[in-house]
Amino acid sequence: MNHETESMNQGRRDFLGAAAGVSAAAVAPGMFLHTPVANAAARTEPVTDMHRWGLLVDTSKCADGCTACVDACDTENGLNLQSKPLGDDKLKWQNQRSTWIRKVKLQDNLTGNVTNLPLMCQHCEHPPCVDVCPTGASFKRADGIVMVDRHTCIGCRYCMMACPYKARSFIHEQVDQKLTRAPRGKGCVESCTFCVHRLDSGDISTACADACSAEGHQALVFGDLKDPTGPLRQALAKAPSRQIRQDLGLNTGVRYTGL
Amino acid sequence: MATVMMKGVLLASLVATFGMGVVAQAEEVGDYVLPSSKAASLENCVEPTEYMRRNHFELIRHQRDQTVYGGIRGSDHGISGCVSCHVGYDDKGAPVEIDGKGQFCQSCHEYAAVELNCFDCHATVPTGEAWNHEVAAAHAHLPGAAKTGPTSAER
Amino acid sequence: MKRIVYREWLVQPQRYWGLLAILAALVAVGGLSALYMEHEGHWVTGMTNSVVWGTPHVFAVFLIIAASGALNVASIGTVFDKKAYKPLARLSGLLAVALLIGGLLVLVLDLGRPDRLLVAMTTYNFSSIFAWNIFLYSGFAAIVIGYLWTMAERKGNHLQKPVGTFAFLWRLALTTGTGSIFGFLVGREAYDAAILAPMFVVMSFAYGLAVYMLVLFYTFDADGRPIGPAMLKRLRNLLGLFVAAILYFTLVYHLTKLYGAKHSDIEAFILINGGLYSAMFWVGWILIGGLLPLGIIYHPELNQQRDWITTACALVIVGGFAAMYVIIVGSQAYPQEMFPGHNVIQFGAPGDVGGRIAPYSPSLPEILLGIGGVGIALLITAVGVRVLQFLPESLADRDVDPHASARPAA
Ligand code: SF4
Ligand code: SF4
């Protein structure tokens, strides 16, 4: 299955540069330019590397104490259906239940400034989780979304060791209730999928970004990193952004401003 | 594999021991479609019934890779289609888990003594399914802009 | 030189069957624990999304590297042509296979989906060290079995040297591979060091030899076979050398880490303020697994006594487990450094740890699973030496190398 994850590497480019409009040439052919799908339709052709999905987090807009994105993710993907197994410790369970997105609060050691941000799978272009997975269950889709093929995951958890962002969760308990759009079961690893079921139905949105907007914070912009006129690239062009653990050179699909 | 074979042997010996009674039941193979399911009102499955009986897993498995790697959902060979069409309903009109005793998938798999583990992960009743293209169309909005209205209604 | 005679283990039946019963019980309990973990899911263990590899991995990694180390004794005989080690070779091969099987079983039974083992064996991702290790492990078992054959079968004798050399190189690759499982994790500060792989090799030498010596002493005592003082001295000194090497590599490892300033926090954690982990490092890894055994081995009186040497071996093994615990669990408990210059005030729900030390306490099933793996390894060894000719009749000095004292002159 690896060939499918290969294609993105060819289109590899520093996309901070892209955000500044430097690599316009790479995106120049008109066929790459596209408008958001207006008449949403389920896809019939396999995904391609014409898109690379990404997310921009404006930490200055992310509100203290707000968990709208987390809650939305939980409902969207059936994570709210998890329940603590009888007899498990309460705190331990919070570290055992699946969490695809979490609110993180930071304080600058020097200035004391407090920053809030949501942290989820960063959909790395060079994902360490994919490199280490022995069976190839961790993979990167042609459109840049990093996922786990739950049919081949053996639950070795090596990908969790490898991920620098603690983005992945292991399903520690039997799953009784699950949603049709988000299958999940005991013994496999899972993480944020950028609401892939929405994208595949032609709807360019994620539950977290929707929820954040609905709350009026507008801290999350989801979109296509390869679409220079799209909302994501526009937002990226407006302010300098960076990756968490930029030093690792993973070229993440999730970027942060004000960090 | 071993357990499957063992179950097969057991079944064969059962057939031998109980003679006609069991054989009579065996003749009814395939009649596991529940009257309360949507499938009961349809002429055929997504492919001819005889073909589906033997090859449904091939179709599902092929579609599985299409969906996982290619993002092609909503094909009628996907497992969610199986569930939504074949799930039975109780008196109150509530769907019954399809891998439950006597339900469509479970009863045939039990008869054929083939392990059924799709539902370790997949939903056994149609739930939260409705993120299909219709919902998506209704939900269509300018990307990044605020979306109004609760999405829970759509689920 | 006298021909070495190998003979099945002739311990009294009651004692033998008693031993087998105990080992079988350990294995059964380990198996039941695995079933329980499998049925309930991993929430019954102490493992969480922060500490994803727990006690089973401590046991598994220890057993696997000890396996490759146990083969060393044979390699010294065959590859480096040390005659005195030749009679020790068969047991060395057997022990290597047994320990490897024990370790692998623990590793596999701790998977989230052990039922998908077939998937793991048929779909490979060749950029994964883990996938390579599957090859390295199964290849190791096959080669060692072939190696044993060349030792036991006259027809195969001439192949012994090439096969033995190959096995030796393979075991180096295997341990390096095991070390690399950790060494390549860029997102985890503690592991991000090239020296981890050679350190694993040195550790495997020591742990493998310690296990080997314990098994040798026990089996020889049980049916009254002699071990000569020169042989004892040889093994003892070898162990001392390896233990000293571990200490040396540990020192280098931490110095390189301290030198790179960005690692100093994790260093402080392991060395000073890590509570249990610091204690395990100093008391377990360094004192019990290093200084004490060295003290015994180089003590002019204690090192003459078999009991003390046995104690030294046991201490090395205890220290080995402590070292594995620090390396595997301690490094995961330490938070991943994501936001330099910032203090993480909150990270998800209160128990959802990030930015601070993750709690981990092993649960009973995990420990029993690990012990079950040790049980399997010893069970295989016990059965092996009983039914096949693995043990030499005598390791008395005159039987092993009668010309040892005369050689320098010759
Ligand atoms: S953030 Fe973690 S899980 Fe997501 S792609 Fe990167 S390494 Fe993989
Ligand atoms: S847990 Fe699953 S996805 Fe992660 S590395 Fe192992 S097999 Fe791959």
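Tutor: Helices (H or I, at least four residues) and strands (E, at least two) are DSSP runs, numbered from the N terminus. Chain B, on these terms, has six helices and two strands, arranged along its sequence as α-α-α-α-β-β-α-α. The model is a predicted one, in which local features need pLDDT of at least 70 and side-chain atom pairs pLDDT 80 or more, while totals for chains, interfaces and linings use all residues. Residues are numbered from 1 along each chain as its sequence is written, chains are lettered from A and ligands numbered from 1 in the order in which they are written, and side-chain values use heavy atoms, without hydrogens and water.

The part to examine is ligand 2. Around ligand 2 (a heavy atom within 4 Å) stand A:Cys133, A:Pro134, A:Thr135, A:Ser138, A:Val148, A:Cys153, A:Ile154, A:Gly155, A:Cys156, A:Arg157, A:Cys159 and A:Val189. By class, this shell comprises eight nonpolar, three polar and one charged residues; here Ala, Val, Leu, Ile, Met, Phe, Trp, Tyr, Cys and Pro count as nonpolar, Asp, Glu, Lys and Arg as charged, and the others, Gly among them, as polar.

Buried means under 20% relative accessible area, exposed over 50%, and partly exposed in between (1.4 Å probe, protein chains only). By that criterion, 28% of the 155 residues of chain B are buried. As for cysteine pairing, a disulfide is a covalent bond between the sulfur atoms of two cysteines. With a cut-off of 2.5 Å between the sulfur atoms, the structure contains zero disulfides over all chains.

Chain A also contains an open sheet. Four strands make up this sheet in the order E8-E1-E10-E9, with mixed pairing, two strands being paired if DSSP finds at least two bridges between them.
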